[in-house]
Amino acid sequence: MPNSAPDPRAAFDPGALARKPTLPGAAVTLVPLAARHTDAMWRFTDDEETNRLTGTRRAFTQDEIRHWCTTRPDQRDRLDLAVEDRATGRFLGELALNDVDVDNASAHYRIALTPDSTGRGIGTEATLLLLRHAFGTVRLHRVELEVYAYNPRATRVYEKAGFRHEGRARQAHHWAGEYHDVLRMAALRPEWLAAHP
């Protein structure tokens, strides 16, 4: 007997990931990550606390960052955007929809802000802008993320933006000689759109 459940791909438009948008908000604008972001992003990747919060274990050369920024617009199966101050255009961080699962219309989300950009509501606004694009334009069904338990500030941002807790991987992340839990969170399109008309 055929499965009568709706196909989760029915509304999903994977081609929308190839179109790199500019998404304006009240305080920030999300713009396609590009070569012009190289220097600011390279300085940002050298910050010890940012690396702890993102779990980044290696140092990157400026050439590696330049190559990364330069090639992001060509990626058709993911979306990488820079977070810029709307008034000044200053680089405040970057975010991405990646690890897209076409069969299940889902993707992974990550965001990292420069140290002087945290605690000001920027992460919440940027995440809301990205989710509106993910659910409204790309029409993903699910956006998921992982956050380390020692990063409660990020957890609060994700909660405010509409992510819900789904589980905890106990002692799944090793950092600085200790094991830490990893929290798993997700936002679903029907729920998120109902809460954010």
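**Exercise 1.** Decide whether Phe-91 is buried or exposed.

*Solution.* The relative accessibility of Phe-91 is 8%, and buried means under 20% relative accessible area, exposed over 50% and partly exposed in between, with a 1.4 Å probe and protein chains only; Phe-91 therefore counts as buried. The model is a predicted one, in which local features need pLDDT of at least 70 and side-chain atom pairs count only at pLDDT 80 or more, while totals for chains, interfaces and linings use all residues. Residues are numbered from 1 along each chain as its sequence is written, and side-chain values use heavy atoms, with hydrogens and water left out.

**Exercise 2.** Classify the ring pair of Phe-44 and Phe-91.

*Solution.* Rings of Phe, Tyr and Trp (its six-membered ring) pair if their centres lie within 6.5 Å, and planes under 30 degrees apart count as stacked, over 60 as edge-to-face and the rest as tilted. The structure holds six aromatic pairs. For Phe-44 and Phe-91 the centres are 6.0 Å apart and the planes stand at 65°, so the pair is edge-to-face. This pair links distant parts of the chain, with Phe-44 in helix α1 and Phe-91 in strand β4, 47 residues apart, where helices (H or I, at least four residues) and strands (E, at least two) are DSSP runs numbered from the N terminus.

**Exercise 3.** Explain why strand β4 is largely enclosed.

*Solution.* Eight of the eleven residues of β4 (residues 91-101) are buried, so the strand is largely enclosed by the rest of the structure. Strands pair if DSSP finds at least two bridges between them; β4 pairs in the antiparallel sense with β3 over six bridges, and seven bridges join β4 to β5, also antiparallel.
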